Amino acid sequence: MSNNIREIYTKAIVAKGKKLSKNTYNFTLTTLPNDILGCWISNHHYEAAIKNRVPKIIGTFDVHIWYSCHDEMDSQVEKHQVTYIDDMQVSKKENREFEPSDQVKARCFEKPKCLSASYSQQNVTIEIEKEMQIEISGETCIKVEVKNEEEVWDEFDDIEINPDFIK
């Protein structure tokens, strides 16, 4: 390389990570269940942030629990909201600390889903799985070599313009 090197500052992905998490949540139902008939999840919302130099995904989702009750003569659906904070492990592209100007973006690869549901009295235990990704974009420097060679089109020698050509 020559001594004619320039530094270009630009935004680029400086770190990224992915996490598959399985968590167990406990809920108390309003009525004593006879059996769990189903469980599904809706309204998953999330955002990414860096708190105390640690990338995190903060989110919420609703858990709908469908169960039979009153000696299996009736069924009910209850909705419970879950709030979560996932610390994310990331691979850094360069050795630097995260800065307030860095942009953090989260993506959901696998929406939260119920893996299992069990109950004891009015308490329900549900195992939920989800997969999230995080990307951190920050300012970085690219070094490029600049060549000062003249190109053929850099010079225009005595160009004649034909005025009849435009008509």
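Modeller: Buried means under 20% relative accessible area, exposed means over 50%, and partly exposed is in between (1.4 Å probe, protein chains only). This is a predicted model: local features need pLDDT of at least 70, side-chain atom pairs count only at pLDDT 80 or more, and totals for chains, interfaces and linings use all residues. Residues are numbered from 1 along each chain as its sequence is written, and side-chain values use heavy atoms, with hydrogens and water left out.

Colleague: Okay. Is Trp40 buried, exposed or partly exposed?

Modeller: Partly exposed, because its relative accessibility is 40%. Trp40 sits in strand β2, residues 33-51. Strands are DSSP runs (E, at least two residues), numbered from the N terminus.

Colleague: And His64, buried or exposed?

Modeller: Buried, because its relative accessible area is 13%. Strand β3 (residues 54-69) holds His64.

Colleague: What does the His64 side chain make a polar contact with?

Modeller: The side chain of Ser42, at 2.7 Å. A polar contact is a pair of N or O atoms within 3.5 Å; within protein, one must be able to donate a hydrogen and the other to accept it, and residues adjacent in sequence count only if both atoms are side-chain atoms.

Colleague: New topic. Where is Lys113?

Modeller: In strand β6, residues 103-120. Lys113 is partly exposed, at 38% relative accessible area.

Colleague: How far apart are the C-alpha atoms of Lys113 and Lys130?

Modeller: They are separated by 6.6 Å, with the two residues 17 apart along the chain.

Technical notes. Helix = DSSP H or I, 4+ residues; strand = E, 2+ residues; numbered from the N terminus.
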